[in-house]
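Please open the structure in a viewer and keep the selection panel at hand.

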Amino acid sequence: MVRRGEAGDADCAIARALDVVGDPWTLLIVRDAARGVSRFDGFQAELGLSRKVLAERLRLLVDDGVLVREPYQDRPVRHDYRLTARGRALLPVLVALQDWGDTWVLGDGEASATAAEDSREAARVHALRSTRLPALALADSTDPGAAPGDPLAAGAWTVLYCFPGAFVRPDAYPPGWGAVPGAPGCTLEARTFRDRLAEFTAAGAAVRGVSTQRPDEQRAFAEAEGLTFPLLSDTALELTAALRLPTLRAAGTTRLKRLTLVVDPARVVREVLYPVTDVEAGVAAALAAVRVGTSGEDR
């Protein structure tokens, strides 16, 4: 593969970065590694690459410190390929490319916190049904001293509702927030989940809110609203990249669009609600999906 960082481009960070990830297949390998794919055959099944081309791209990513090889079998020797810290630092790049594609290639160039029900973006999100969530670690705003942990409740159904942002003070919202389609409503959504939390608990599900806000911002909001379920911070975009969740850019920050995932105890997504245009109806639909799912477990 040709390297671009030569002569006049030697000091250009863009050119040197493209030396590492400028080939489309390399970024797609990083995309799939973020989703939990780790083995050669898994990458080949996802990408449809020849074994020779895939082996070359994996070798280059290992040589450049984006992936690390970890043996999982001795005879014959087989390896898992996992993202390093250097590789995980590419997740915002992937999310930015996806956001640009959703907005300018698949969309009309307008910022939105929602999508049309018949859009390709909505189809991608709904395709998450039957997807198994990989191991992830997100910061829990309710426990600032704890290390990041699993966003899913152990041994229970989990409702993960993703929202663009919620703040204590109205002036903390990005400029023009109220004019962004689908952006307003985060406070109402949180209050509705709070007020119906006992019903989710009785149905056998835990509720988790997820945004890309800092944990201290989430904690201030949770305390002000009396939330008794965790708000999780995906500032590193690990969940966003792993599931290719839809985002928008506001005030220079990546924000999650409003959507809800209902996940079973085996970490498999059983229901996807997107777009969520009526937050109260969306909460009711999530509760109904949990009840259907848990009643099916009992059969």
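**First stop: a loop and its hairpin**

Select Pro 76, which is placed in the loop between β1 and β2; strands (E, at least two residues) and helices (H or I, at least four residues) are DSSP runs, numbered from the N terminus. The model is predicted, so local features need pLDDT of at least 70 and side-chain atom pairs count only at pLDDT 80 or more, while totals for chains, interfaces and linings use all residues. Residues are numbered from 1 along each chain as its sequence is written, and side-chain values use heavy atoms, with hydrogens and water left out.

The peptide bond from Arg 75 to Pro 76 is cis, with omega near -10°. Now extend the selection to β1 (residues 67-73) and β2 (residues 78-83), which pair in the antiparallel sense over six bridges; strands count as paired if DSSP finds at least two bridges between them. Gln 73 has Arg 78 in β2 as its bridge partner. The two strands form a hairpin, with four residues between β1 and β2.

**Second stop: the open sheet**

Select the six strands in the order β3-β6-β5-β4-β9-β10, which form an open sheet with mixed pairing. β3 (139-140) and β10 (269-273) stand at the edges with a single partner strand each, so one side of each has no neighbour in the sheet. β3 runs antiparallel to β6 (residues 231-233), joined by two bridges. Next, show helix α8 (residues 186-195), which packs on the sheet and touches β4 (157-162), β5 (205-211) and β9 (259-263); contact means heavy atoms within 4.5 Å. Helix α10 (residues 215-225) also packs on the sheet, touching β3, β5 and β6.

Most residues other than glycine have a negative phi, and most peptide bonds are trans. Select Ser 130, in the loop between α7 (120-126) and β3. Ser 130 has a positive phi of about 75° although it is not a glycine. Is Ser 130 buried or exposed? At 57% relative accessibility, Ser 130 counts as exposed; the term means over 50% relative accessible area, buried means under 20%, and partly exposed lies in between (1.4 Å probe, protein chains only).

Then move to Leu 237, in the loop between β6 and α11 (238-243). Leu 237 has a positive phi of about 65° although it is not a glycine, and is buried, with a relative accessible area of 5%.

**Last stop: another cis bond**

Finally, select Tyr 274 and Pro 275: the peptide bond from Tyr 274 to Pro 275 is cis, with omega near 0°. Pro 275 is in the loop between β10 and α12 (279-298).

Definitions and conventions:
Axes fitted to C-alpha atoms, helices over the stretch in contact; angles between N-to-C directions.
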